[in-house]
Structures are given as C-alpha cells and as structure tokens.
Amino acid sequence: MEEDKNFKDLGICEQLAEACDNLGWKIPTKIQAEAIPHALEGKDLIGLAQTGSGKTGAFALPILQSLLESPQAFFACVLSPTRELAIQIAEHFEALGACIGVKCAVLVGGIDRVQQTNNLANRPHIIVGTPGRLVDHLSNTKGFSLRTLKYLVLDEADRLLNEDFEKPINEILNVIPRERRTYLFSATMTSKVKKLQRACLRNPVKIEAASKYSTVDTLKQQFCLLPAKYKECYLVYILTEMSGCTSMVFTRTCDATLFLAMMLRHLGLRAIPINGKMTQSKRSGALNQFKAGECNILICTDVASRGLDIELVDMVINYDIPTSYKLYNHRVGRTARAGRSGVAVSLVNQYEWEWFVQIENDIGRQHMPFVW
Ligand code: AMP
C-alpha cells in the first residue's frame, strides 16, 4: 500500500511535491514513505537506511516544509562525516528548495574560510557541514551562531562517531537549543550511535528501511580469485572488457589510487584518482570530471565509499578487499542505486581469501564467480 502513495499523500505541500516531480521523483522511496509522516508530526527520527535509499529526501523534505511555514535564517544544520557528502546534501536541499528560495551554506574543511564566512553573512536557512569546520566557524566567525536552530540532522552517524568527531559534535550540541527536532540517519546501528541517540534525541520514532547491513537486490555480486601478482593485469582486462561502463575501483591506500590511475591512463583508459590526501579542490575536480562523464573510471580509497551519490555507476571493483563487511556494503552501495541494476566485482588474492569469506558470512550471501 505504502508504495502507491505519492508525496502529497504523505503530507508534502504542493510546491515541494512539484519539486520532487521535477527531479523525477514520482513515488516516495520506502524510507521517505515511512519517515516523512512522522517528521511532519514533529517527531524525532532515527532512520536506518542503506545507501541509495533516498534518505536525503526523507529528512530534507520535512525540514523544507517546516521552513516554508516559518522562514528564518539558520533554521537547520546537517552534519556529515565527509566533505563530498556535505556538498551533495546541500545540492539536494537547493534542488528541492529552489521553488521556495532556500539558501544553503556548506562549511567543510579544505575550502577557503573567507568565502564560507561571506556565505554565512548571507544568513542561509540551511547549514551543511563537517563537524570540525562548523565548530571553527562557531568559535571564530563573528555574528554566526546556531542559537535559534530548529532542526539538527546527523547523517551517516556511525561514521560521524568513528572518525573521532565526538569532541566537535559535543561542542555543537552544547551551543544549540535543546528545544529542537533531531534526525539521526545511519546505515548501521553501532553502540556509539545508540549512545548518541540516548543523549540527543527525544522519544524518537525508529524507521528501518532495510534489513540490517543488506545490499540491494538489483546488485549482482561477483568475485574473481586470482594470484596477487596478476591483479593489475586482471583489473586492466575487466576495465577494457567493460570499457563502455562507468566504474569505481576501490583500493586500500592513497598511493595505490595514484599508481593505478596513472597506469590505466597510460593504457588509454579514462581513469582519475580520488583520495583523502588530495586537496579539496582536486578532490572536487576529480569527482566533477567523473560525474560529467569526462572520465568513466574513478580510482578511490574509502573516502568515496560513503553516501556519495554518483548517477549511473555500473560497476564497483574491489581491487583490495575491504577490511569489514560494513565497508564492503558502503563501497558496493555506490552502484545499483535507486532501483537501478549494478555489478560489484571483488578481486580476491590468496592472502585475502579468508577476509572475503568472512565478509560473505557477515552479509549472509555468497558471490557468483565473475563471468568473463
Ligand atoms: P540518497 O540515498 O539520499 O543518497 O539518494 C539516492 C538517489 O536516489 C539520489 O540520486 C536521489 O536523487 C534519488 N532519489 C531520492 N528519492 C527518490 C525518489 N522518491 N524517486 C526516485 N529517485 C529518488
């Protein structure tokens, strides 16, 4: 029944329902259908949703609707663990809120502070940021405070807490009003997330849009067992065979992204690296080239495994096997998004086989051999 409801049936106003329609969102996704009615009733939310589930819309729409009813500057703040995800969330707010003239500011590290300060002087409605840079502005930017904040969103909360953001998050919680709505979204529910939930949510409604740690059904998961010394060779072979596809290749180290991208480019493939050691402008540049289709192979570390929404990634290659099933799910979640199909291929060498079997056990699913 829920699947048949449209955005207006969920209580979303005409203007925003039209904005969804313009983005091609005809029917709410499961997390949206379940979260939005509770959010519009003014409840706190905990959303457990897999990547690609449409969770950004699930929190952005109720916030925008509430903003429309009582417009004010510094209305909502969204915290994200990565810069790219923050930029992407702001893009969602801007696209959905264009019809109501919403103003957003992105506060992330690696980008000119002065420009961000100027944006804050514009008194934006929505702030999206990484915790460290937000605290930096709260302490150093004159006239900027979140004392009148109405909504706080913690996106990818499991990661927010893993990355030692605990201190800045506590600082933020100390300077925002207690009287507010809080939405916490996480792909996985860890003990730290539970602790945070107890500390900053009030009688939240819990919504689970996916069974724990599962990957979507439209994702074909395959593996290829090979000797360590031939990995590069196999990678080149797969990418050449699938040269019409858009692919993301995950490696364990920053250096490996540079090396593989250089090697593939020498062989005439359109590859580009992205990793956490690159400057923010280089990272954004690489991502934009990939999104625009100028390069169809993104070689990345796990900096790109979380939350990034890149349209039409056909294939994810695990060049190095990730160290946990959670990372595995975040990586393969870059493809087969929003109902589309996708392939994930894991290149497993003799040393990684045991980890790989452990991942299969944890996700409760066996992979098919890669078919050449
Ligand atoms: P998210 O999980 O928020 O990163 O969203 C994943 C992708 O799904 C994004 O490309 C969204 O634009 C898209 N999306 C979100 N909601 C819907 C919807 N109701 N119908 C179709 N696509 C959607």
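**Strands, helices and the whole chain**

Tutor: Start with a pair of strands: β5 and strand β6 (residues 181-186) run parallel and are joined by four bridges. Two strands count as paired if DSSP finds at least two bridges between them. Helices (H or I, at least four residues) and strands (E, at least two) are DSSP runs, numbered from the N terminus. This is a predicted model, where local features need pLDDT of at least 70 and side-chain atom pairs count only at pLDDT 80 or more, while totals for chains, interfaces and linings use all residues. Residues are numbered from 1 along each chain as its sequence is written, and side-chain values use heavy atoms, with hydrogens and water left out.

Student: Which residue of β6 stands opposite Leu152?

Tutor: Thr182 does. Strand β2 (residues 76-79) is also parallel to β5, with four bridges between them. There, Leu79 stands opposite Leu154 of β5.

Student: How do I read the two faces of a strand?

Tutor: In a regular strand the side chains alternate between the two faces of the sheet. In β5 (residues 151-154), Tyr151 and Val153 lie on one side and Leu152 and Leu154 on the other, and all are buried. Buried means under 20% relative accessible area, exposed over 50%, and partly exposed in between (1.4 Å probe, protein chains only).

Student: How many residues of α3 are buried?

Tutor: The number is 13 of 15, so α3 is largely enclosed by the rest of the structure.

Student: What covers the buried residues of α11?

Tutor: An α-helix has 3.6 residues a turn, so residues three or four places apart point the same way. The buried residues of α11 include Cys254, Thr257, Leu260 and Leu264. Their cover includes α10 (231-241), β10 (271-274) and β11 (297-300). Just after α11, Gly268 has a positive phi of about 90 degrees.

Student: What can be said of the whole chain?

Tutor: The protein chain has 14 helices and 14 strands. Its radius of gyration, taken over C-alpha atoms, can be set against a globule rule of 2.2 Å times the number of residues to the power 0.38. For 372 residues a compact globule would be near 21 Å, and the chain has 21 Å, which agrees. Of the 372 residues, 55% count as buried.

Note on methods: Contact = heavy atoms within 4.5 Å.
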